[in-house]
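Reader: I'd like to go through this one term by term. Can you tell me what stands behind each label?

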Amino acid sequence: MEENVMENIFLLVLVTLLSVLQNAFFAQKVEKECKADKTKTAAFDRVYCASRNCMDAYPTFIAVMWCAGICLSQAPAAFAGLVYLGARQKYFVGYMGQTSQSTPGFLFGKRILSFLFLMSIVGVVSYFLSHYLATDYKEYIQTVTKAASALLLLP
C-alpha cells in the first residue's frame with residue numbers, strides 16, 4: 001500500500017523539492033545583494049521585492065498543485081508545477097533587471113495557478129459526481145487534463 005501511495009505523489013514531491021531549491025536560490029540572491037553593499041541600493045530593493053512577491057504566492061502554488069495532483073491527476077499537475085517554477089524564475093530574473101521585464105513571468109504564473117485551481121475544482125466535482133451520483137467521469141477528465149496541460153506552453 002505504501003508503494004502505491006508513493007507512486008501517486010512522487011512527481012508532486014519532486015516538484016515540491018525543486019521549488020524548495022528555487023526558494024533557497026532566491027534567498028541566496030537577497031543575501032548576496034545585502035552583503036554586497038552595506039547601504040540599501042535600488043538593486044537590493046528589486047531583489048528583495050521580487051523574492052518577497054515569489055514567497056507570497058508560494059503557499060497558493062503548493063496548495064493548488066497538491067490538490068490538483070491528488071484530486072485529479074498527478075502528471076499534469078506536476079508538469080504545470082514545473083512550468084510555474086520556470087515562470088517564477090523568469091519573473092524573479094526579470095524583476096532584478098527592470099520591473100517591466102517581470103510582467104510576462106507574472107502573467108504566465110497567474111495563468112498556471114488558474115489552471116491548477118481549475119484542475120482542483122474539477123477533481124473535487126468529479127469525486128462528488130462519482131461518490132453521490134454514481135457517475136464516473138474521472139478517466140475522461142484526466143485524459144482531457146493531460147491534453148490541456150500541454151496548452152500551458154502556448155504564449
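Predicted model: local features only at pLDDT ≥ 70, side-chain atom pairs only at ≥ 80, totals over all residues.

Reader: Where is the kink in H2, and how do you know its angle?

Author: The kink sits at Tyr 58, shortly before the proline Pro 59, and comes to about 35°. That bend is the angle between two axes, one fitted to the seven residues ending at a residue and the other to the seven starting there.

Reader: Why is Ser 51 called buried?

Author: Ser 51 is in H2, and its relative accessible area is 10%, so it counts as buried (buried is under 20%, exposed over 50%, partly exposed in between, with a 1.4 Å probe and protein chains only). Leaving aside neighbours within four places in sequence, Ser 51 is in contact with Phe 26, Val 30 and Phe 92, where contact means heavy atoms within 4.5 Å. Other buried residues of H2 include Phe 44, Val 47, Cys 54 and Tyr 58.

Reader: And what makes Asp 45 partly exposed?

Author: Asp 45 also lies in H2, but its relative accessible area is 40%, so it falls in the partly exposed class.

Reader: Why are H3 and H4 called roughly antiparallel?

Author: The axes of H3 (residues 74-97) and H4 (residues 103-132) cross at roughly 160° and come within 8 Å. These axes are lines fitted to C-alpha atoms over the stretch in contact, with angles from 0 to 180 degrees between N-to-C directions. Under 35 degrees is roughly parallel, over 145 roughly antiparallel, 65 to 115 roughly perpendicular, and the rest oblique. The pair is therefore roughly antiparallel.

Reader: Which hand does the crossing of H3 and H4 have?

Author: Left-handed: that label applies if the near helix is turned anticlockwise from the far one by less than a right angle, and right-handed if clockwise. Among the residues that meet there are Ala 80, Val 83 and Tyr 84 in H3, and Phe 108, Ile 112 and Leu 116 in H4.

Reader: How do you know whether Val 83 is buried or exposed?

Author: Val 83, in H3, has a relative accessible area of 12%, so it is buried. Val 83 and Leu 152 are 69 residues apart in sequence, yet 7.9 Å apart in space, C-alpha to C-alpha.

Reader: What makes Ser 102 buried?

Author: Ser 102 is in the loop between H3 and H4, and its relative accessible area of 4% makes it buried. Beyond neighbours within four places in sequence, Ser 102 is in contact with Tyr 91, Gly 94 and Tyr 95.

Reader: And what is the pattern of the protein along the sequence?

Author: It reads α-α-α-α-α, with five helices and zero strands. Buried residues make up 34% of the 155 residues.

Notes. Residues numbered from 1 in each chain as written. Heavy atoms only, no water. Helix = DSSP H or I, 4+ residues; strand = E, 2+ residues; numbered from the N terminus.
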